[in-house]
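Please look over the sequence and the structure below before reading on, and keep both in view while you read. The report then goes through them part by part.

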Amino acid sequence: MYSTKYVKPNSTTEALEAIKSLGEGKFLAGGMTLIPTLKQRLASPDGLVDISGCKLDSIADEGETLKIGAMTRHVSVAESAVVKKAIPALAKLADGIGDRQVRNRGTIGGSVANNDPSACYPSAVLALKATIHANNRSIAADDFFTGMFETALEDDEIIESISFSKPTKANYVKFPNPASRYAMVGVFVAQFGDEVRVAVTGAGEGGVFRHQEMESVLSSNFSADSVSSVNIDSDGLISDLHASAEYRANLIKEMTKRAVGQIH
Amino acid sequence: MGEISLKLNGKLETRDVADNTLLVDFIREHVGLTGTHVGCDTSQCGACVIHLDGVSVKACTILAKQAEGADITTIEGLADGDALHPMQEAFHENHGLQCGFCTPGMVMSAVEMVTKNKDISEDEIREGLEGNICRCTGYHNIVQSVKAGAAKMGGKN
């Protein structure tokens, strides 16, 4: 790892001041992606601003929505009685990320801000019509993810919390890479009355995306059978050593079928 | 550089470290406790698992500075003098190791998962060991060891 500075402020205001004073600084949440990246010398920030002291660890049922603080670790979401009651699919998603040591450290805000094309959380954010609350503005999920590892966040913005709309029903199913457990393809299906949202992670060259055709088919007939009729185009899907674009296209269909078939 | 203090196996340790020092290097190189191993150094293998404020974490993926003020237990901190921890005893009795390189991490992960869920099932053990890789044993004896360790720790399965 290149030499760097480490600071740990006590509030988001202080964190924002710290990042400005560092030149090219990076916010450090759970560090489950950032620290391996630094160790591989793929990044060399002038400094790291550890936000674990900024009191951003919270879970609150707010009626129509479920609000989760940015520093909330995966294990806390997975084990939370509040999350399990409000949006069980979200607890299930968190319980399937990485391994238990990664879940003990990794955070929801870190995952969403990083927008790894194979991360699980971005699919939930998109399917559950979430709102990302940054320090100075709120951003709708549909406007937030702008490309692989890219988001609408500016360098001087920090996620404080994320509000998820409570669905009528929802489910998340992924096909994990056998080695890394990252999603080769993960599909989050959420039903809001007559409206159905389907978000796909792990597959798109531009990162997480909503599958419009799947959404419209499922909105008129919500069943695993109706998913079979959808033709999944492999254009724009990731092709790498783990799976071809065609294989991923097929996984999108299969994961959606499973998600719809086992939804509750 | 800067000074950090943390509790390591019950003892307060204060050292000057560079900001980019990893916690596992703090434990092994600065304090000299070499029971915590570095296998892959990429957060996959779990040989470096320790307990940080009671939860299992991979010490190769945390900066020492992030652990300022924390209460850390490593494999050296489990035994009570010459009396092994029940999980260590179980690994011994069930031959839950061959070369032993992954064992410290396996034991630390096992102790955490059983502490949280003492009536743990075999499936839960296998899932719980997801982040620990062993290249010798094929895992069978490790899983048997964790089961036996859980029974010694008061579990009913």
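## How the chains are divided

This is a predicted model, and the description below should be read with that in mind. Chain A is divided by its domain assignment into domain 1 (5-50), domain 2 (59-165) and domain 3 (169-261), and the C-alpha centres of domain 1 of chain A and domain 3 of chain A lie 34 Å apart. For chain B the assignment gives domain 1 (2-77) and domain 2 (86-152), with C-alpha centres that lie 21 Å apart.

## A strand with two partners in chain A

Strand 6 of chain A runs antiparallel to strand 7 of chain A (residues 138-140), to which three bridges join it, and the two strands are linked by a hairpin of three residues. Strand 6 of chain A also pairs with strand 10 of chain A (residues 159-165), again in the antiparallel sense, over four bridges. The residue A:I132 takes part in both pairings, for A:I132 stands opposite A:I139 in strand 7 of chain A, and its bridge partner in strand 10 of chain A is A:I162.

Elsewhere in chain A, four strands form an open sheet in the order 11-12-13-14, with antiparallel pairing. Its edge strands are strand 11 (169-176) and strand 14 (209-210) of chain A, each of which pairs on one side only. Between strand 11 of chain A and strand 12 of chain A (residues 183-192) there are eight bridges in the antiparallel sense, and A:N171 stands opposite A:V189 in strand 12 of chain A.

Leaving aside residues up to four places away in sequence, A:A259 touches A:N171, A:Y172, A:V173, A:V187 and A:V189. A:A259 and A:V198 are 61 residues apart in sequence, and their C-alpha atoms are 9.9 Å apart in space.

## The largest nonpolar core

The largest nonpolar core has 125 residues, and those that touch the most other members are A:I51, A:L90, A:V185, A:V187, A:V189 and B:L23. One of these, A:L90, touches A:V77, A:V83, A:A124 and A:F164 when residues up to four places away in sequence are not counted.

Within chain B, 15 residues of domain 1 are in contact with eleven residues of domain 2. On the side of domain 1 of chain B that touches domain 2 of chain B, strand 3 (49-52) and strand 4 of chain B each supply at least two residues, and the largest share, three residues, comes from strand 3 of chain B. Sorted by class, this side of domain 1 of chain B has seven nonpolar, eight polar and no charged residues.

Strand 3 and strand 4 of chain B run antiparallel and are joined by four bridges, with B:K58 in strand 4 of chain B as the bridge partner of B:V49. Their hairpin has two residues between the strands, and B:D53 takes a positive phi near 50° in it.

## Helix 5 of chain B

Helix 5 of chain B (residues 140-152) has 13 residues, so at 1.5 Å a residue it should span 18 Å, and this agrees with its end C-alpha atoms, which are 19 Å apart. Its buried residues are B:I142, B:V143, B:S145, B:V146, B:K147, B:G149 and B:A150, and these pack against helix 2 (86-93), helix 3 (103-116) and helix 4 (122-128) of chain B. Helix 5 of chain B is followed by B:G154, which has a positive phi near 105°.

## Where the chains meet

The contact between the chains takes 16 residues from chain A and 20 residues from chain B. On the side of chain B that touches chain A, strand 4 of chain B (residues 55-58) gives the most, with four residues. By class, that side of chain B has seven nonpolar, nine polar and four charged residues.

Key
Residues are numbered from 1 along each chain as its sequence is written. Chains are lettered from A and ligands numbered from 1 in the order in which they are written. This is a predicted model: local features need pLDDT of at least 70, side-chain atom pairs count only at pLDDT 80 or more; totals for chains, interfaces and linings use all residues. Two strands pair if DSSP finds at least two bridges between them. Two residues are in contact if their C-beta atoms, placed from the backbone, lie within 7 Å. Ala, Val, Leu, Ile, Met, Phe, Trp, Tyr, Cys and Pro count as nonpolar, Asp, Glu, Lys and Arg as charged, and the others, Gly among them, as polar. Domain bounds come from an automatic or database domain assignment. A nonpolar core is a set of buried Ala, Val, Leu, Ile, Met, Phe, Trp, Tyr and Cys residues joined through C-beta atoms within 7 Å. A residue is buried if 20 or more other C-beta atoms lie within 10 Å of its own, exposed if 12 or fewer, and partly exposed in between; C-beta atoms are placed from the backbone. The expected span of a helix is 1.5 Å times one less than its number of residues.
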